[in-house]
Amino acid sequence: YLRGELAQGIFMNFKQVVDTMRVKIPFGIASTGVVFRNEITLGQGVFRTLQFDLMEFEYFIKPEEWEKYYSYWQEKMWQMALELGLNEKKLRWREHEEFERSHYSKKTMDIEYQFPFGWKEMWGLAYRTDFDLSNHMKYSGVDLRYVDKTTGEKYIPHVIEPTFGLSRLLITVLVD
């Protein structure tokens, strides 16, 4: 019963946020907290621990604009890494191959940092499509379509997800 990600809590609150905050697409909901995974790997410090601090951001968009906002978040994440003072020569983007992408993702990339033990993921960026909201809608029976107040258009938003591991960021800054 230990949560492996923060995203589902955000998706569970999507309707309440849309209904009470009067947000317009694109908009985002962020969360931070402790998550758990069974990924203990000896010799890699905080990279594969059972418990770690995660910061996730679900950015809701029109389906046809996913490439535009994916590029936007790539640029913002890269700028943030540089603003933290990280050595740009030790940073790179790496796109996940199809076999390693999560089942919900159409595209995933990581900013990796070159540690003394090799290139390792620092942050991730995923295009989750409408997978989560569609499934919550299907199994809950609650309509989670977004209604554009200007055009009246109804659609299930797609999601770009920038993800930041706080523990990984801390060790990256210390190593750098």
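Okay, so by buried I mean under 20% relative accessible area, with exposed over 50% and partly exposed in between, using a 1.4 Å probe and protein chains only. This is a predicted model, where local features need pLDDT of at least 70 and side-chain atom pairs count only at pLDDT 80 or more, while totals for chains, interfaces and linings use all residues. Residues are numbered from 1 along each chain as its sequence is written, and side-chain values use heavy atoms, leaving out hydrogens and water.

Take Tyr59 and Trp73: they're edge-to-face, 5.4 Å centre to centre with 70 degrees between the planes. Tyr59 sits in strand β2 (residues 51–61) and Trp73 in helix α3 (residues 66–83), so this pair ties together parts 14 residues apart in sequence. Those labels are DSSP runs numbered from the N terminus: helices are H or I, at least four residues, and strands are E, at least two. Tyr59 is buried at 11%, and so is Trp73 at 14%.

Next, Trp123 and Phe164: with centres 5.0 Å apart and planes at 75 degrees, they're edge-to-face. Here strand β5 (residues 118–129) holds Trp123 and strand β8 (residues 158–165) holds Phe164, so parts 41 residues apart in sequence get tied together. Trp123 is buried at 0% relative accessibility, and Phe164 is buried at 12%.

How values were computed. Rings of Phe, Tyr and Trp (its six-membered ring) pair if their centres lie within 6.5 Å; planes under 30 degrees apart count as stacked, over 60 as edge-to-face and the rest as tilted.
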